[in-house]
Structure formats: structure tokens, C-alpha cells
Amino acid sequence: MNKFCISLTYAKNDADKATVAFVVANAAVASEKETVVFLSTEAVRLCQKGYADDVHEPGFAPLAQLMKSFVEAGGILWVCSPCFKRRELDEGNMIGGATIVGGAKLVEFLQDGAPCVSY
């Protein structure tokens with residue numbers, strides 16, 4: 001199995017969890033795993049340009065930098081479509097590498113037994 005998934009439901013409402021999720025995501029993608037971070041509920045806000053810019057947990061790189069590094073390394077960033085719509089976010093203001101998807105896309109990625117951790 002060369003896939004790894006991280007399901008993230010937090011953003012500024014728990015910056016520690018959001019940061020650690022992307023630390024783990026960067027480790028996974030660096031290990032040559034096809035890595036997906038699935039942003040749902042409050043975490044969908046992270047896909048908006050500038051939102052994560054002021055999030056910096058002590059002892060870690062800034063969240064925006066972790067997210068950028070993840071995408072640049074080939075990580076896949078999926079944004080839950082219903083969660084995005086519910087929060088009335090702007091598709092034109094999404095960070096590079098983020099894609100709005102439905103739950104079926106996540107199920108398809110996981111169907112072969114890919115491990116998934118949640119934050």
C-alpha cells in the first residue's frame with residue numbers, strides 16, 4: 001500500500017491539530033506515499049488564501065509554510081464540497097493545489113485499505 005490519508009477537521013479553532021496534521025502529511029509525502037489531506041468541517045477554511053498566514057504553533061514551522069511544502073512535494077489537498085459550500089467560501093480565493101471534491105472521491109481513495117489518520 002503506497003497511499004496515506006489524513007482527515008483534518010480543525011483550522012484556527014485548534015491550530016495545534018491543524019499544524020500537526022500537516023507535519024505528518026509532509027512526512028508521509030517525503031516517504032514517497034501518495035498522500036491526501038482531506039479538509040472537512042472547519043478545516044475547509046484552510047484552503048482560502050491568507051487564512052493560515054498567522055497560524056504558527058511554537059516548535060513547528062508556520063502552518064502556511066507546511067501546507068505550501070506539502071503541495072510542492074506532490075501532496076494532494078482535497079476540500080469537502082458540502083463543507084465548503086456551507087461556509088460560503090470563495091472558489092476564486094483558493095490556495096494552489098486545493099481541489100474541491102465530494103465524499104465519493106475520498107471513499108475511492110481509501111477503498112483499497114489505505115491508512116487514514118484524523119486530526
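How many residues line the largest pocket, and which of them lie nearest its centre?

Reply: The model is a predicted one, so local features are reported at pLDDT of at least 70 and side-chain atom pairs at pLDDT 80 or more, while totals for chains, interfaces and linings use all residues. Residues are numbered from 1 along each chain as its sequence is written, and side-chain values rest on heavy atoms, with hydrogens and water left out.

The lining of the largest pocket is made up of 13 residues, and D53, A64, M67, K68 and I95 are those nearest its centre. A pocket here is an open set of points on a 1 Å grid over the protein atoms alone, with protein on both sides within 12 Å along at least five of seven lines, whereas a cavity is a set of points where a 1.4 Å probe fits but cannot get out; a lining residue has an atom within 4 Å of a point. The volume of this pocket is about 160 Å³, where volume means the space filled by probe spheres set on the points, which are joined across faces, edges and corners. By class, the lining comprises seven nonpolar, three polar and three charged residues; Ala, Val, Leu, Ile, Met, Phe, Trp, Tyr, Cys and Pro count as nonpolar, Asp, Glu, Lys and Arg as charged, and the others, Gly among them, as polar.

As for the surroundings, the largest nonpolar core has 40 residues, and L8, F22, V37, L39, L46, L63 and V79 have the most contacts inside it. Such a core is a set of buried Ala, Val, Leu, Ile, Met, Phe, Trp, Tyr and Cys residues joined through side-chain atoms within 4.5 Å, and buried means under 20% relative accessible area, exposed over 50%, and partly exposed in between, with a 1.4 Å probe and protein chains only. Two or more residues of this core come from each of β1 (3–8), α1, β2 (34–39), α2, β3, α3, β4 and α4, and α1 supplies the largest share, seven residues. The elements are DSSP runs numbered from the N terminus, with helices (H or I) of at least four residues and strands (E) of at least two. In soluble globular proteins, nonpolar side chains tend to be buried together.

The structure also holds two aromatic pairs. For F22 and F70, the ring centres are 5.9 Å apart and the planes stand at 75°, so this pair is edge-to-face; rings of Phe, Tyr and Trp (its six-membered ring) pair if their centres lie within 6.5 Å, and planes under 30 degrees apart count as stacked, over 60 as edge-to-face and the rest as tilted. Because F22 belongs to helix α1 (residues 15–30) and F70 to helix α2 (residues 63–72), the pair ties together parts that are 48 residues apart in sequence. F22 is buried at a relative accessible area of 0%, and F70 is buried with a value of 0%. The pair of W78 and F109 is edge-to-face, with 5.8 Å from centre to centre and 85° between the planes, and it links W78 in strand β3 (residues 76–80) to F109 in helix α4 (residues 103–110), 31 residues apart. W78 is buried at 9% relative accessibility, and F109 is buried at 5%.

K12 lies over the face of Y51 in turn, at 4.4 Å from the ring centre; a charge sits over a ring if NZ of Lys or CZ of Arg is within 6 Å of the ring centre and within 35 degrees of the ring normal.

Most residues other than glycine have a negative phi, and most peptide bonds are trans. E32, in the loop between α1 and β2, has a positive phi near 65° and is exposed at 65% relative accessibility. T41, placed in the loop between β2 and α2, has a positive phi near 40° and is partly exposed at 35%.

Returning to helix α2, L66 lies in it and is buried at 11% relative accessibility, while the C-alpha atoms of L66 and T99 are separated by 17 Å across 33 residues of the chain.
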